[in-house]
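The stops below are meant to be taken in order.

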Amino acid sequence: MSNGTPLGDFLRARREALQPHDVGLPEHRRRRVPGLRREEVAMLAGVSADYYTRLEQGRESSPSPQVLDAVAQALRLDAEATDHLNRLCRTAPPRPRGRGGTDVSPQLARLMDGWEHTPAFVLGPALDVLAGNSLATALHSGFERFDNLARMVFADPAGREFYQEWERAAHSCVAELRAAYGHDPESARIAEVVAALSARSEEFARLWRLHEVRSKSQEGKHLRHPRVGDLHIEFTAFTVNGAPHQQLVVYQAEPASPTAAAFETLRAVAARPEPVREAVPAAEPAVSGQ
């Protein structure tokens, strides 16, 4: 993913995203490099410039919690980005290789299948769609495949029309992938998705280099379906007990709203109700779109 270390790449990207006025420093002359200088971050964090340079270059692998807190404050990191910074400094045992828990429990599949009026689907860490109910499948029927949200946003022609706030969706996808990467930097599947989309989309590659970190939570979305038109939804993401690497995503419409009526239309025009369908084939799903 990079020629540097995950920690160094993150620190450098967050440093370059700040300007002196963001941290209360004067700007006396034109700068040859973007963002803050290493010396300025070191001063703000109360560490030596040499120490911070070693940290950013990957030559200092065991900073104390106090140093990390100071660096996080100097870089104006929020709580989630600070947690990400701390995870990058931990030495975790490698996760077992393989499919990495892409199976969705039968109980969860039955639960989603019972929600006839509510789109719901399960995501893996690399934003692979592991399973979805019939309404979720109908909602995303304008895409080539309902397989990986990042691929759908960046590499599917339907993405920019479906996501009416495309820039927001794009930033969100990449920040969610970064958050997942922080939990498992050795994930072969995340690396595969990032490499494929970086090769296909310069916009994805640019956003990935920013090292923004944000997990799914709860917010509104403005979507446009090719058949039923504009949709204004709220969604919530839940961690799945027993499979903490999976997220259950649930879309909701305001009762008696045009979006609720559109959901009913989508449900009615579906060929016939089907049980939850596994979205992952025997091999790991590709994102190349080839």
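What follows is a walk through one chain, from the whole to single residues.

**Before selecting anything**

This is a predicted model, in which local features need pLDDT of at least 70 and side-chain atom pairs count only at pLDDT 80 or more, while totals for chains, interfaces and linings use all residues. Residues are numbered from 1 along each chain as its sequence is written, and side-chain values use heavy atoms, with hydrogens and water left out.

**The whole chain**

Show the chain as a cartoon: it has 13 helices and six strands. These are DSSP runs numbered from the N terminus, with helices (H or I) of at least four residues and strands (E) of at least two. Of the 290 residues, 48% are buried; buried means under 20% relative accessible area, exposed over 50%, and partly exposed in between, with a 1.4 Å probe and protein chains only. Counting contacts (heavy atoms within 4.5 Å) between residues at least 6 apart in sequence, 57% join residues at least 24 apart.

**Colour by confidence**

The mean pLDDT, the predictor's confidence in each residue from 0 to 100, is 85 for the chain, and 85% of residues reach 70 or more.

**Helix H1**

Next select residues 6–16, helix H1. Is this helix enclosed or open? Eight of its eleven residues are buried, so H1 is largely enclosed by the rest of the structure. The buried ones are Leu7, Gly8, Asp9, Phe10, Leu11, Ala13, Arg14 and Arg15. Their cover includes helices H2 (38–45), H3 (49–56), H4 (65–74), H5 (79–89) and H12 (202–210).

**The hairpin**

Move to strands E1 (residues 120–123) and E2 (residues 129–132), which pair in the antiparallel sense over three bridges; pairing takes at least two DSSP bridges. Val122 has Ala131 in E2 as its bridge partner. Five residues lie between the strands of this hairpin, and Leu127 takes a positive phi near 65 degrees.

**The cores**

A nonpolar core is a set of buried Ala, Val, Leu, Ile, Met, Phe, Trp, Tyr and Cys residues joined through side-chain atoms within 4.5 Å. In the largest, of 45 residues, select Phe121, Leu149, Phe154, Tyr163, Leu177, Phe204 and Tyr251, which touch the most other members. Helix H10 (residues 166–183) gives the most to this core, eight residues. A second, separate core has 27 residues, including Leu18, Val41, Tyr52 and Ala74.

**Cysteines**

Select Cys89, which is buried at 15% relative accessibility, then Cys173, buried at 7%. No disulfide, meaning cysteine sulfur atoms within 2.5 Å of each other, is found in the whole structure.

**Glu144**

Finish in the loop between helix H7 (134–139) and H8, where Glu144 sits. Glu144 is partly exposed, at 48% relative accessible area. What does Glu144 touch, not counting residues up to four places away in sequence? Its contacts are Arg151, Asp156 and Pro157. Glu144 and Asp156 are twelve residues apart in sequence and 6.8 Å apart in space, C-alpha to C-alpha.
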